[in-house]
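Student: I'd like to learn how to read this kind of model feature by feature. Could you walk me through it?

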Amino acid sequence: MAKGEGGEQYSNASLLSKPGTADGIKLAKNHEHRNRLSVCNKICYAIGGAPYQITGCALGFFLQIYLLDVAQLDPFYASIILFVGRAWDAVTDPTVGFLVSRSPWTRFGRMLPWILLSTPLAVLSYFLIWYVPVFDEGKVIWYLFWYCLFQSLQTCFHVPYSALTMFISSEQKERDSATAYRMTVEVLGTVLGTAIQGQIVGMANAPCLPGPGDILSELSNSSNSAGLDNTEPVISLEHTKAAYMISSGVICSIYILCALILFFGVREQKESCRPRSEPMGFFQGIKLVMGHGPYAKLVMVFLFTSLAFMLLEGNFALFCSSTLGFRNDFQNILLVIMLSATLAIPFWQWFLTRFGKKTAVYTGSLSVIPFMILVVCIESSLIVTYIVSFASGVGVAAAFLLPWSMLPDVVDDFQVQNPGSTGHEALFYSFYVFFTKFASGISLGISTLSLE
């Protein structure tokens, strides 16, 4: 490509040839207008990110407790399910990215059909994860099968959705703005997932390991049971199972609604992608993607930040309920963190626009460290925990927004340096989350196994 074919599709303003005539200026303005997204388009695009965060938040915070307390599995088998499920999820990311990159263009686009067709089976498999089968012998196989199947189907949704960023507009400013909308909705999705799962399940909680207050209450009730009536309702394990089923049903309904809004509210722009190069093999694609220096550096940054937050997510519920003693308040603490993150997203969007994305990454990553240490070191004080949780949400917002805001720039840089190699956006986005999912599976498996 000299400076002609496909050159106008790059988002970098420096790559656009400067028109010298009135017709050229008019053509450039029309091109810019076509690539400008309305607020409605950005909201519809952003809503598509909610299902991944809602289900991921519910699974991350509550699946561990569910397998141990409700399904009553041995901690060893629970750790196997979590580890294998996360590892399988990591493997499916590059596989789906490779398949998406080779899929043909349809009248609805190349990414949107994957999103629509994967939704029904993903919803069914998610619902069955939270169902306790009547048999005991095959429980481990049951949860392992449906968990892995859901992770595969959700990958068929999330990888095309993430790569869709490159196809909604070719303007960097519009994509950054759409990413900010998306991250705001995704943080709200974690709030919604925490609220639905936490509040519904919190009203019917039957833990298998009672806390000190539960033991004292039980002793008091047993000593007075001869002459006094117990006015507090007794919540059985069956009520807890029903609560998990209700919450999963609500989340499944939201999943379907968000997928439909995304499909009908976003137009995938065919003109935003240049003519694709010849298809390449799977391992050749890995070598091509990981051989790009800026992309490899960004992946490593995203790997370690995501690993830290995934490890915190997987153990924070148990830490609040068991170590700090806030068995009845931990879901509210999670809501405070996510609401704080939602409010901080616009701040970080302004910060990266004003001071640059690298400075925003450094500031956002370092700001959360003191609060993580403080949560562990402080005494068991509910008010202090709420304050620290609110401050920690600011760092969570940075971890949500900044890596995904930098990825389109790296893909653009690859296209500039390799003008003859095109159509690999899905590969970049799929490998972007591969390492983080595999590492988080190892960390969650080890942390669960340590409970035994």
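Student: Where does glutamine 72 lie?

Tutor: This is a predicted model. In it, glutamine 72 sits in the loop that runs between helix H3 (50-70) and helix H4 (75-102).

Student: What is the phi of glutamine 72, and is it positive or negative?

Tutor: Start with the general idea: most residues other than glycine have a negative phi. Glutamine 72 has a phi near 55°, a positive value, and it is a residue other than glycine.

Student: Let's turn to the overall make-up. How many helices and strands are there in the protein?

Tutor: The protein has 17 helices and zero strands. Of its 452 residues, 53% are buried. Among contacts with a separation of 6 or more, 85% are between residues 24 or more positions apart.

Student: How do I read a pair of helices, say H2 and H10? At what angle do they cross?

Tutor: Look at the distance between the axes, then the angle, then the hand. The axes of H2 (residues 39-47) and H10 (residues 237-265) come within 8 Å and cross at roughly 140°. Angles over 145 degrees would count as roughly antiparallel, so H2 is oblique to H10. The crossing is left-handed.

Student: Which residues make that contact?

Tutor: From H2 they are Asn41, Cys44, Tyr45 and Ile47, and from H10 they are Cys258, Ile261, Leu262 and Gly265. By class, this contact of H2 with H10 has six nonpolar residues, two polar and no charged.

Student: And H13 with H16? How far apart are their axes?

Tutor: The axes of H13 and helix H16 (residues 382-417) are 6 Å apart, and the two helices pack at an angle of about 45°. That angle makes H13 oblique to H16. Here the crossing is right-handed. The residues of the contact of H13 with H16 divide into 17 nonpolar, seven polar and no charged.

Student: Can we take a residue from H13? Is serine 340 buried or exposed?

Tutor: The number to read is the relative accessible area. Serine 340, placed in H13 (residues 330-355), has a relative accessible area of 2% and is therefore buried. Setting aside residues up to four places away in sequence, serine 340 touches Phe390, Gly393 and Val394.

Student: How far apart are glutamate 186 and threonine 342 in sequence and in space?

Tutor: In sequence they are 156 residues apart, and in space they are 8.7 Å apart, C-alpha to C-alpha.

Student: Last topic: the core. How many residues does the largest nonpolar core have?

Tutor: The largest nonpolar core has 114 residues. Those with the most contacts inside it are Leu63, Tyr66, Trp130, Tyr143, Leu164 and Tyr295. H3 supplies the largest share of this core, 13 residues.

Student: Which residues does leucine 164 touch?

Tutor: Not counting residues up to four places away in sequence, leucine 164 touches Tyr45, Met111, Leu112, Leu262, Val266 and Glu268.

Note on methods. Residues numbered from 1 in each chain as written. Predicted model: local features only at pLDDT ≥ 70, side-chain atom pairs only at ≥ 80, totals over all residues. Heavy atoms only, no water. Helix = DSSP H or I, 4+ residues; strand = E, 2+ residues; numbered from the N terminus. Axes fitted to C-alpha atoms, helices over the stretch in contact; angles between N-to-C directions. Parallel < 35°, antiparallel > 145°, perpendicular 65-115°, else oblique. Left-handed = near helix turned anticlockwise from the far one by under 90°. Contact = heavy atoms within 4.5 Å. Nonpolar A, V, L, I, M, F, W, Y, C, P; charged D, E, K, R; others polar. Core = buried A, V, L, I, M, F, W, Y, C linked by side-chain atoms within 4.5 Å. Buried < 20%, exposed > 50% of the residue type's maximum accessible area, 1.4 Å probe, protein only.
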